[in-house]
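Hello,

Here is the structure I promised to pass on to you. Please open it beside this email, and then read my notes below.

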Amino acid sequence: MKYALNVLCSLERKQHDHFGDIHFIRKAVHRDDVIIIDASTANVFEQIRSNKDLTEDIETKNADGIARLVAENILIPLKGSPSKVIVPIAKHINLWLQVTDSCNLACDYCYIPSLYSDRTLRSDIFPLLFRHFKHIKGLETVHLKLAGGEPLMVFSVWKEGVLWLRAQLESIGINLELRLITNLTRLTNEMISFFKQHKVIISVSVDGLGSAHDQHRKYRNGTGSFSSVMANIERLREHGILPSVMITVASDNYLGVPSLVEYLIERDMTFRVSDAKGGYLTSAQFEQTMDAVCALLDQAVGQGYPVSRRVIFSDLRTHEVASTPCSMGSHAAAIYLDGSVYFCHTEFQKGQALGHLNDDQNLLNIIRTGKHKHLGLSDDCQECQYRFVCAGGCPLYRVNGKSIMCHVYKKIISQVFGIYDREGERKHE
C-alpha cells in the first residue's frame with residue numbers, strides 16, 4: 001500500500017550512551033509532542049518520505065508500527081477507505097482503580113485529596129470497564145491497580161468483580177494483570193489464598209525500619225504500623241507470595257531509607273524508591289539518600305543482587321526510553337469511585353476529570369485528552385541527554401518546565417547506568 005506523510009511530522013534521532021540511537025517523530029503542533037519508534041519503523045518512515053511503495057513483506061514485518069503511525073495520523077493511507085475518525089491503538093492499558101476512600105492510617109503526606117470521604121465504589125464499575133476495554137483496538141493486556149484509601153478494607157466489595165472482569169476479558173483474548181497498592185496492615189487467610197490463586201501482585205508501602213516508618217505511617221490513633229506491616233510481609237513470603245516494597249523518601253525519613261534498602265537487599269526483595277512530591281523533601285536530602293542507596297546497590301551487584309530486575313528509581317525510565325515520565329495521558333489513567341476518569345489519582349475530586357466511563361467516547365480518546373499536561377518542557381530538558389529517561393519529571397510538580405529534582409535525577413541516572421553496566425559485566429564473567 002502507498003502512504004503519504006503528515007507534513008506536520010518530522011523524524012529525528014538522538015544518540016544516548018546507554019540506549020544507543022533513539023528514533024522519534026515530532027509533531028509540529030507542539031515540540032514536546034513526540035512519539036518514540038524503533039529503528040525498523042523509522043526505516044519505513046524514511047522509505048515513505050522517499051516516495052517508495054512498501055512491499056508486502058515490509059508491511060507484514062512492520063504491521064504494528066505502521067498501524068500505530070496511521071492511528072497517530074502520521075501516515076495517511078492513499079488506497080482503501082481511511083476514516084476521518086482516527087481510532088487509537090494500545091496493546092496495554094494501565095489503570096489506577098480507586099476502590100475506597102477509607103483508610104485505617106493517617107499518613108501526613110498522603111496525596112489522595114479525596115481521602116476519608118464517605119463515597120463508595122459504584123456497583124457496576126467492572127461491567128463499565130469491560131464495555132470500554134472490549135472496544136480498544138489492539139488491546140492485549142489490562143494492568144489494573146486496586147488502590148485507595150486502603151483497598152483491603154473493602155476486599156469483599158471488589159474481589160468478585162475483578163474475577164468476573166478477568167473471565168470476561170479472557171473470553172475475548174485479553175489478559176488482566178491485577179496489582180494491589182496497600183499498606184498491608186490488614187491481612188487474612190482468605191486474602192492470602194485469593195492473592196496466591198489469582199496471581200495478584202502486591203505492592204506495600206514501607207518508609208523505613210521501625211520508627212523511621214512510623215513517623216509517617218501511623219494508625220489514626222497515633223500508633224505506628226511498622227510491626228504489623230512487616231509481620232504481614234513475612235506471612236505473604238511464607239506462602240510463596242513475594243510483595244514489592246514502595247519507599248517514599250521525605251524530609252522526616254530520608255536518613256533511615258538506606259537501612260531499609262539494605263534490609264530489602266539482604267532478603268532479595270523488589271522495591272521502588274521515590275521522592276515525596278509537594279514540598280516534603282529537599283533536593284539535597286534526596287541526593288544524600290540516593291548516594292547512599294546507589295552505593296549499597298553497587299556493592300550488592302558484586303554479591304549477585306539483580307538491581308536491574310529488583311529496583312525502580314522514582315519515575316525514571318532506566319529500562320526503556322519514553323517521551324513522558326509516566327503513561328498517563330497516553331494509555332493510563334485513574335478511575336475514581338464514581339467512574340470519573342482522571343489524568344492522575346492525585347487529582348481525585350480536586351482537579352478536572354477528563355471524562356467518565358458513562359461516556360460513549362472511546363476510553364483511550366478520553367485518556368489522551370490529558371496528554372497536554374505533559375507538554376511545556378524547559379529548553380534545558382529539550383537539550384538534555386536524559387530527555388527520554390527523565391522526561392522532565394512528574395508534570396504536575398514541575399517548576400519552570402522541569403523537576404525540582406533535576407540535578408539529582410541526572411546524578412541518579414548516571415549512577416544507575418553504571419550499576420547496570422557492572423551487573424552486565426558480572427553476568428559475562
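**Salt bridges and the rest of the chain**

The side chains of Arg237 and Glu234 meet in a salt bridge, with N and O 3.9 Å apart. By salt bridge I mean a side-chain nitrogen of Lys or Arg within 4 Å of a carboxyl oxygen of Asp or Glu. Arg237 and Glu234 are 3 residues apart in helix 8, so about one helical turn separates them. Helices (H or I, at least four residues) and strands (E, at least two) are DSSP runs, numbered from the N terminus. Arg237 is partly exposed at 26% relative accessibility, and Glu234 is partly exposed at 29%. Here buried means under 20% relative accessible area, exposed means over 50%, and partly exposed lies in between (1.4 Å probe, protein chains only).

Before going on, please note that this is a predicted model, where local features need pLDDT of at least 70 and side-chain atom pairs count only at pLDDT 80 or more, while totals for chains, interfaces and linings use all residues. Residues are numbered from 1 along each chain as its sequence is written, and side-chain values use heavy atoms, leaving out hydrogens and water.

How many salt bridges does a search of the whole structure find? The count is 24. In general, side chains of opposite charge can pair when their charged atoms come close.

One of the pairs is Lys2 with Asp53, whose closest N and O atoms are 3.3 Å apart. Lys2 sits in the segment before strand 1 (3–5) and Asp53 in the loop between helix 1 (39–49) and helix 2 (56–61), so this pair ties together parts that are 51 residues apart in sequence. Lys2 is partly exposed at 29% relative accessibility, and Asp53 is partly exposed at 49%.

Another pair is Arg217 with Asp207, with 3.1 Å between the closest N and O atoms. Arg217 lies in the loop between helix 7 (211–214) and helix 8 (226–238), and Asp207 in the loop between strand 9 (201–205) and helix 7, so the pair links parts that are 10 residues apart in sequence. Are these two residues buried or exposed? Both Arg217 and Asp207 are buried.

There is also a network of salt bridges, which links Arg272, Asp275, Lys277 and Asp315.

Most residues other than glycine have a negative phi. Tyr116, although not a glycine, has a positive phi of about 70°. Tyr116 lies in the loop between strand 6 (92–98) and helix 4 (125–133), and is partly exposed with a relative accessible area of 35%. Lys199 also has a positive phi, near 55°. This lysine is found in the loop between helix 6 (189–197) and strand 9, and Lys199 is exposed, at 69%.

Finally, here is the chain as a whole. The protein chain has 14 helices and 15 strands. Of its 429 residues, 53% count as buried. Its C-alpha trace spans about 70 × 50 × 45 Å along the principal axes. Among contacts (heavy atoms within 4.5 Å) between residues at least 6 apart in sequence, 70% join residues at least 24 apart.

Happy exploring, and write back with any questions!
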